[in-house]
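Good morning, and thank you for making time for this item. I would like to take the group through one structure, element by element.

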Amino acid sequence: MKTRSPFRAFLSLPLAGLALGAAALALWQAPALSAEEAVKIPPPAQDEKAAAGTEKAVFAGGCFWGVQGVFQHVRGVKEAVSGYAGGAKKDAEYETVGSGTTGHAESVEITYDPAQVTYGQLLQVYFSVAHNPTELNYQGPDRGTQYRSTIFAENAEQKAIAAAYIAQLGKAKLFSGPIVTTIETGKAFYPAEDYHQDFLTRNPTYPYIVYNDLPKIDNLKALFPTLYSDKPVLVMADAKG
């Protein structure tokens, strides 16, 4: 049984029908939809040390359109790619993952410069702006384990930093409920289809983006002005202009 939100289901329509579908959805319960509110949280007490070169981080927190869009606006991020993590390569395909039976979560792989932005700072944005870590196996209108809140740690250091931060935030009781974010290790990341890349930037009037994701960009700018970059780091050549 598929658990995709009605807004996102319109991606299965031919492109010619997408605009019509979006227009219809704009009139469908639009007032009932809104982005998750950002929560102001302290930086992690434990973090990595600045180092030369680039590193990768993989986060899952609901629809990858918004998560990708947020991290594309973070200074020090060199690339943010939407994709799937947590399952097998053969199942890493949008419609299959959408069944909620593959073990995958819609995820974003972030390539970043730790001399400009640390893993801990990325986690701070992830928990504060990119998603709501108290929602178990859903985010906003999206339901299913493919929308779970999960950190796919790349190594032991990332796992330790993430675990310590979850404990720190839990003790601080800054959220409306307990943090349900899990940490998974040893899971490969598979890029999503091209039409999912840079979706927020390429479709700023798409109803799902307007109500669920554009407010996250505003929250990033307001809460993290020194980390915010007005120009997003994009994946697809046609989106770069």
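D91 is buried, at a relative accessible area of 18%. Please bear in mind throughout that we are looking at a predicted model. The cut-off for the buried class is under 20% relative accessible area, so D91, at 18%, is assigned to that class. The residue sits in the loop that runs between β2 (77–85) and α4 (94–97). Its side chain forms a polar contact of 3.3 Å with the side chain of K90. If residues up to four places away in sequence are left out, D91 touches T96, V97, T102 and H104.

**Strand β6**

Let me turn to the strands. How many of the residues of strand β6 (residues 149–153) are buried? The count is five of the five, so the strand is largely enclosed by the rest of the structure. The side chains divide between two directions: S149, I151 and A153 point one way from β6, while T150 and F152 point the other way, and all are buried.

With strand β1 (residues 55–61) the pairing is antiparallel and extends over four bridges; within it, F59 has I151 of β6 as its bridge partner. Together, β6, α6 and β7 make up a β-α-β unit of right-handed sense.

As for F127, its contacts, not counting residues up to four places away in sequence, are I41, P133, I151, Y165, I166, L169, F175, I179 and T181.

**Valine 67**

A further buried position is V67, which has a relative accessible area of 2%. It belongs to helix α3 (residues 64–71). Leaving aside neighbours within four places in sequence, V67 is in contact with G61, V108 and A130. For those who wish to check a distance on the display, V67 and A80 are 13 residues apart in sequence, and their C-alpha atoms are 9.0 Å apart in space.

I close with the backbone. Most residues other than glycine have a negative phi. Two positions here depart from that pattern.

K173 has a positive phi of about 55° although it is not a glycine. K173 is located in the loop between α6 (156–172) and β7 (182–185). D198, likewise not a glycine, has a positive phi near 60°, and D198 is found in the loop between β8 (189–191) and α7 (199–202).

Are these two residues buried or exposed? K173 is exposed, with a relative accessible area of 69%, whereas D198 counts as buried, at 0% relative accessibility. The exposed class begins over 50%, so K173, at 69%, falls within it.

Thank you for your attention.

Conventions
Residues are numbered from 1 along each chain as its sequence is written. This is a predicted model: local features need pLDDT of at least 70, side-chain atom pairs count only at pLDDT 80 or more; totals for chains, interfaces and linings use all residues. Side-chain values use heavy atoms; hydrogens and water are left out. Buried means under 20% relative accessible area, exposed over 50%, partly exposed in between (1.4 Å probe, protein chains only). A polar contact is a pair of N or O atoms within 3.5 Å; within protein, one must be able to donate a hydrogen and the other to accept it, and residues adjacent in sequence count only if both atoms are side-chain atoms. Contact means heavy atoms within 4.5 Å. Two strands pair if DSSP finds at least two bridges between them. A crossover is right-handed if, with the strands pointing away from the viewer, the path from the first strand over the helix to the second runs clockwise.
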